[in-house]
Amino acid sequence: MSFSNTAETLVLNWLLTTGTATRPTAWYLALYTAAPGEAGGGTEVSTSGTAYVRKVAAFTVTGDTASNSGAIEFPTATASYGTVTHCAVHDAVTGGNLIAYATLTTSKVISTGDILRVPIGDLDITLD
(Lines give C-alpha, C1' and ligand atoms only; values in the text may rest on other atoms or scores of the structure.)
Protein backbone atom coordinates (compact mmCIF):
# COMPACT_ATOMS: atom_id res chain seq x y z
CA MET A 1 0.00 0.00 0.00
CA SER A 2 1.07 3.57 -0.59
CA PHE A 3 0.46 6.43 1.80
CA SER A 4 -1.85 9.27 0.82
CA ASN A 5 -0.85 12.93 1.02
CA THR A 6 -2.80 13.15 4.30
CA ALA A 7 -0.82 10.32 5.89
CA GLU A 8 2.50 11.64 4.59
CA THR A 9 1.78 15.04 6.16
CA LEU A 10 0.89 13.40 9.50
CA VAL A 11 4.14 11.40 9.51
CA LEU A 12 6.31 14.38 8.59
CA ASN A 13 4.69 16.63 11.21
CA TRP A 14 5.13 13.99 13.89
CA LEU A 15 8.70 13.12 12.93
CA LEU A 16 10.24 16.46 11.96
CA THR A 17 8.45 19.21 13.89
CA THR A 18 7.69 19.94 17.51
CA GLY A 19 4.01 20.30 16.68
CA THR A 20 1.57 17.55 17.42
CA ALA A 21 0.02 15.39 14.77
CA THR A 22 -3.49 14.12 15.46
CA ARG A 23 -3.56 10.51 14.40
CA PRO A 24 -6.71 8.64 13.44
CA THR A 25 -8.33 6.54 16.17
CA ALA A 26 -10.00 4.02 13.86
CA TRP A 27 -9.29 2.62 10.41
CA TYR A 28 -11.70 1.30 7.79
CA LEU A 29 -11.03 -0.75 4.67
CA ALA A 30 -12.76 0.45 1.51
CA LEU A 31 -13.09 -1.28 -1.86
CA TYR A 32 -12.70 0.49 -5.21
CA THR A 33 -13.59 -0.22 -8.84
CA ALA A 34 -11.28 2.58 -10.08
CA ALA A 35 -7.95 3.59 -8.58
CA PRO A 36 -7.67 6.17 -5.81
CA GLY A 37 -4.42 8.11 -5.58
CA GLU A 38 -2.38 10.15 -3.10
CA ALA A 39 -4.98 12.93 -3.13
CA GLY A 40 -7.97 10.54 -2.94
CA GLY A 41 -10.38 10.12 -5.83
CA GLY A 42 -11.08 6.79 -7.43
CA THR A 43 -14.48 5.09 -7.47
CA GLU A 44 -15.49 3.42 -4.23
CA VAL A 45 -18.04 0.60 -4.44
CA SER A 46 -21.58 1.99 -4.27
CA THR A 47 -23.46 1.68 -1.00
CA SER A 48 -26.80 2.00 -2.83
CA GLY A 49 -28.59 -1.36 -2.77
CA THR A 50 -25.42 -3.48 -2.48
CA ALA A 51 -25.07 -3.86 1.34
CA TYR A 52 -21.49 -2.56 0.91
CA VAL A 53 -20.02 -0.64 3.81
CA ARG A 54 -16.41 0.07 4.80
CA LYS A 55 -15.20 -2.42 7.38
CA VAL A 56 -13.16 -1.78 10.52
CA ALA A 57 -9.51 -2.79 10.22
CA ALA A 58 -7.04 -3.26 13.07
CA PHE A 59 -3.29 -3.60 12.60
CA THR A 60 -0.19 -4.97 14.28
CA VAL A 61 3.28 -3.74 13.39
CA THR A 62 6.38 -5.86 12.95
CA GLY A 63 9.48 -4.05 11.74
CA ASP A 64 8.51 -1.86 8.79
CA THR A 65 5.19 -3.62 8.04
CA ALA A 66 1.70 -3.21 9.50
CA SER A 67 -0.66 -6.13 8.85
CA ASN A 68 -4.33 -6.62 9.61
CA SER A 69 -4.59 -8.32 13.00
CA GLY A 70 -8.08 -9.67 12.42
CA ALA A 71 -9.99 -11.00 9.44
CA ILE A 72 -11.97 -8.36 7.55
CA GLU A 73 -15.28 -9.52 6.07
CA PHE A 74 -17.62 -7.45 3.96
CA PRO A 75 -21.36 -8.19 4.08
CA THR A 76 -23.00 -10.49 1.55
CA ALA A 77 -23.50 -8.44 -1.62
CA THR A 78 -27.18 -7.81 -2.29
CA ALA A 79 -26.28 -6.49 -5.76
CA SER A 80 -23.13 -6.49 -7.86
CA TYR A 81 -20.18 -4.41 -6.62
CA GLY A 82 -18.64 -4.62 -10.09
CA THR A 83 -14.96 -5.49 -10.51
CA VAL A 84 -13.03 -4.55 -7.37
CA THR A 85 -9.51 -3.54 -8.40
CA HIS A 86 -8.21 -1.45 -5.47
CA CYS A 87 -8.58 -1.01 -1.74
CA ALA A 88 -7.84 1.82 0.67
CA VAL A 89 -7.65 2.50 4.37
CA HIS A 90 -9.70 5.48 5.58
CA ASP A 91 -10.08 7.13 8.98
CA ALA A 92 -13.90 7.12 8.92
CA VAL A 93 -16.71 4.72 8.03
CA THR A 94 -17.96 7.32 5.50
CA GLY A 95 -16.15 10.37 4.16
CA GLY A 96 -13.05 11.08 6.21
CA ASN A 97 -9.48 10.94 4.93
CA LEU A 98 -7.82 8.36 2.74
CA ILE A 99 -4.74 7.08 4.60
CA ALA A 100 -3.26 4.39 2.32
CA TYR A 101 -4.25 2.71 -0.94
CA ALA A 102 -3.23 -0.19 -3.16
CA THR A 103 -3.99 -2.13 -6.31
CA LEU A 104 -5.25 -5.63 -5.51
CA THR A 105 -2.96 -8.46 -6.54
CA THR A 106 -5.93 -9.92 -8.42
CA SER A 107 -9.07 -7.99 -9.31
CA LYS A 108 -12.31 -9.64 -8.24
CA VAL A 109 -15.84 -9.44 -9.65
CA ILE A 110 -18.23 -9.28 -6.69
CA SER A 111 -21.71 -10.49 -7.71
CA THR A 112 -24.96 -10.78 -5.77
CA GLY A 113 -24.48 -13.30 -2.95
CA ASP A 114 -20.67 -12.99 -2.85
CA ILE A 115 -18.71 -12.22 0.33
CA LEU A 116 -15.24 -10.67 0.15
CA ARG A 117 -12.92 -11.66 3.01
CA VAL A 118 -9.40 -10.52 3.86
CA PRO A 119 -7.72 -13.15 6.06
CA ILE A 120 -5.55 -12.14 9.02
CA GLY A 121 -2.18 -10.86 7.82
CA ASP A 122 -3.15 -10.46 4.15
CA LEU A 123 -3.44 -6.65 4.19
CA ASP A 124 0.08 -5.18 4.52
CA ILE A 125 1.25 -1.59 4.72
CA THR A 126 5.02 -1.33 4.40
CA LEU A 127 7.50 1.52 4.83
CA ASP A 128 10.90 1.07 3.23
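Biologist: Why is Leu31 called buried?

Modeller: Leu31 has a relative accessible area of 2%. Buried means under 20%, exposed over 50% and partly exposed in between, with a 1.4 Å probe and protein chains only, so Leu31 counts as buried. Do keep in mind that this is a predicted model, where local features need pLDDT of at least 70, side-chain atom pairs need 80 or more, and totals for chains, interfaces and linings use all residues. Residues are numbered from 1 along each chain as its sequence is written, and side-chain values use heavy atoms, leaving out hydrogens and water.

Biologist: Which residues is Leu31 in contact with, beyond its neighbours within four places in sequence?

Modeller: Contact means heavy atoms within 4.5 Å. Among the partners of Leu31 are Val45, Tyr52, Phe74, Tyr81 and Leu116. Leu31 itself is found in strand β2; strands are DSSP runs of E, at least two residues, and helices are runs of H or I, at least four, numbered from the N terminus.

Biologist: What makes a nonpolar core, and how many residues has the largest?

Modeller: Such a core is a set of buried Ala, Val, Leu, Ile, Met, Phe, Trp, Tyr and Cys residues joined through side-chain atoms within 4.5 Å. The largest has 27 residues, and Leu31 is one of those with the most contacts inside it. Strands β2, β8 and β9 each give two or more residues to this core, with β9 giving the most, 6.

Biologist: And is Leu16 buried or exposed?

Modeller: Leu16, in helix α1 (residues 5–16), has 62% relative accessibility, so Leu16 counts as exposed.
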